[in-house]
Amino acid sequence: ICYGPVLSGTSCLYFNRKTLAVLNAPINYGESKGFLCGLDNLISTIKEQEIEVANGNFFSSLLVLQDSMRMEYLNMMISMGKPVKDLYKLFIDMYTLGDYGFSAMTDEAFDNIVASKTESQKKETEAALSGMPDVLTIYRGQTKVGTPIEKAHSWTLDRNVANFFATRRGHDKAEIITATVSKKDVVEYISDRGEAEVLVRYKDLNIVSTTEIYGLET
């Protein structure tokens, strides 16, 4: 997989569809001796990465992918029944590294990830939400060309944050959606990005209202 024209130094990926091993594999042209030396190093690195994924360690393979590709990779990993060490933590680590990607994740994959939470991880989520009301009011700001609301797992407790995401690009036909969700149905609360973010499933929401936000075109 290449991200651009095949030129010297182009960032390309080695990707094994059967094992799901992924790594950076830059293409470099030059003297034949230097190229062969680089090829030997690449083959050695590929073997090491294949051992990693065989042992259930997918973190480094996911790390080199772009946001949406990470979600697609997780879909494949789950649908293929790959043994994964701490799937839920792997998902949260990858999600918080990026900015988007849920549109590429299937509902089945997300349900599998949620079901993989350990008892200690569930207690950590409960502790993070303690002191909040049993029913939470949450918001999502988006443009109508973004992730469909049915696949939008990322919401916020702060309306100002929703307003930022609805208006930051100046697009017309943006909106802020207000919903309620039972605290027990919140998948995760992420506070370390300053966005008061909650991850939820659409089926657990009660949509209250939609506020149209007019952009520069209007």
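Reader: How do you know that the length of helix H3 agrees with its number of residues?
Author: This is a predicted model. Helix H3 covers residues 67-79, which is 13 residues. At 1.5 Å a residue these should span 18 Å, and the end C-alpha atoms lie 19 Å apart, so the two values agree.

Reader: Which residues of H3 are called buried, and by what cut-off?
Author: Buried means under 20% relative accessible area. In H3, Asp 67, Arg 70, Met 71, Tyr 73, Leu 74, Asn 75, Met 77 and Ile 78 are buried. In general, an α-helix has 3.6 residues a turn, so residues three or four places apart point the same way.

Reader: What follows H3?
Author: Gly 81 follows H3, and the phi of Gly 81 is positive, near 70°.

Reader: What makes strand E3 count as largely enclosed?
Author: E3 runs over residues 135-143, and seven of its nine residues are buried, so the rest of the structure largely encloses this strand.

Reader: Why are E3 and strand E5 called paired?
Author: Pairing requires at least two bridges between two strands. E3 and E5 (residues 174-182) are joined by nine bridges, so they pair, and they run antiparallel. Within this arrangement, Thr 137 stands opposite Thr 180 in E5.

Reader: How much of the protein is buried, and how many helices and strands are there?
Author: Of the 218 residues in the protein, 39% are buried. The protein has seven helices and eight strands.

Methods: Residues numbered from 1 in each chain as written. Predicted model: local features only at pLDDT ≥ 70, side-chain atom pairs only at ≥ 80, totals over all residues. Heavy atoms only, no water. Helix = DSSP H or I, 4+ residues; strand = E, 2+ residues; numbered from the N terminus. Expected span 1.5 Å × (residues − 1). Buried < 20%, exposed > 50% of the residue type's maximum accessible area, 1.4 Å probe, protein only.
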